[in-house]
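Thanks for coming, everyone. Please take a look at the sequence and the structure before I start.

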Amino acid sequence: MLPADRSAAAPGVQPRRLALLAALPLEVRPFLRSRQVRRRQDLDLPLWEFSAGEGRGVLALTGMGGAGASRATLKLLAHYRPELLIVCGFAGALTPELPPGAVVLGTSFWHYQPADLSLKEIPVPPAPRPLAEMRRHLEAAGLPAFLGSCITTPRIIHKGSQGGPLLHLPAPVLDLESSAVAAIAASQDLALIGLRVVTDAAGEEIPDFLIPAAESGSMPSFGTVLTWLAADPRRLAVLLHLHRRSRTAAHRLALALNALMVLV
């Protein structure tokens, strides 16, 4: 269980046991459907409240990218004071031991700049339970769980052209938000859990035609999809493949979050 809150919340700041942060609705839709949630309207954020053990939790959508994640996290923390942050969502694997659908608990958080290959670790306060114990709990729930490294990049990158400083890290996965949330957690002495589910394996890349839509954080319109298919009908197989991967990842993320609620 989480330790008791060591400090009183500031006036107007509502205490909560935990806060979940995810980029996109498709990542957390199964989780929201699995719990009794209430949409909150008190912040300019997509925000839901739910029961979390003997207390309450909130889930906020940040949009894709570090800047959006930083803004949303700061806005959330100005109104709520959680004892624990969980940054969660999809990720891409860099090494072959992580198959699609693998659930990764972040043992470390890193910011990577592909322009100069610089890699900076973001130290964060420890999770409320040992991560190895959480991994065993996820495995007992039937999930393929790993301890790994959450690496945040400023944009979607071609994984096969990287390597170098990334491949020496244990079970590395790429995302666009974790290090931004980690930096805020560190500055406010908040415990943080990173929870990512692999959508694309080490040898797979996000197709170039999808990157602008993916980085916009919005679902492509029907007209956009038709334009893609008109340019190359073979893209239909790619879209269906990614849709199946995303559905599997979202389902496993919901299972993992609900399993961890028992521990945290």
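First, a term: contact means heavy atoms within 4.5 Å. With that in hand, take L138. Leaving aside residues up to four places away in sequence, L138 touches V103, L105, L143, A145, L195, A256, A259 and L260.

Now, what are we looking at? This is a predicted model, in which local features need pLDDT of at least 70, side-chain atom pairs count only at pLDDT 80 or more, and totals for chains, interfaces and linings use all residues. Residues are numbered from 1 along each chain as its sequence is written, and side-chain values use heavy atoms, with hydrogens and water left out.

Next, the overall picture. The protein has 7 helices and 10 strands. Helices (H or I, at least four residues) and strands (E, at least two) are DSSP runs, numbered from the N terminus. The radius of gyration is 18 Å, close to the 18 Å that the globule rule gives for 264 residues, so the protein is as compact as a globular protein of that length. That radius is taken over C-alpha atoms, and the rule is 2.2 Å times the number of residues to the power 0.38. Among contacts between residues at least 6 apart in sequence, 77% join residues at least 24 apart.

How much is buried? Buried residues make up 49% of the 264. Buried means under 20% relative accessible area, exposed over 50%, and partly exposed in between (1.4 Å probe, protein chains only).

Let's go inside. A nonpolar core is a set of buried Ala, Val, Leu, Ile, Met, Phe, Trp, Tyr and Cys residues joined through side-chain atoms within 4.5 Å. The largest one has 36 residues. L20, F31, L59, L138 and L195 have the most contacts inside it. Which element gives this core its largest share? Helix α7 does, with 9 residues. A second, separate core has 24 residues, including A19, F109, C150 and L190.

Stay with α7, residues 235–261. Its 27 residues should span 39 Å at 1.5 Å a residue, and the end C-alpha atoms are 39 Å apart, which agrees. The expected span is 1.5 Å times one less than the number of residues. Among the buried residues of α7 are L239, R245, L253 and M261.

On to the strands. Two strands pair if DSSP finds at least two bridges between them. β8 pairs with β6 (residues 103–113) in the parallel sense, over 8 bridges. There, F109 stands opposite C150. β8 also pairs in the parallel sense with β9 (residues 172–175), over 4 bridges. I151 has L174 in β9 as its bridge partner.

The loop between β8 and β9 holds I157. Is I157 buried or exposed? I157 is buried, with a relative accessible area of 11%.

Now an antiparallel case. β2 (residues 37–40) and β3 (residues 47–52) are joined by 4 bridges. A hairpin of 6 residues links β2 to β3. V37 stands opposite F50 in β3.

Last stop: helix α4, residues 178–187. α4 is mostly covered, with 7 of its 10 residues buried. I184 is one of them. After α4 comes D189, with a positive phi near 55°.

That's my tour. Over to you.
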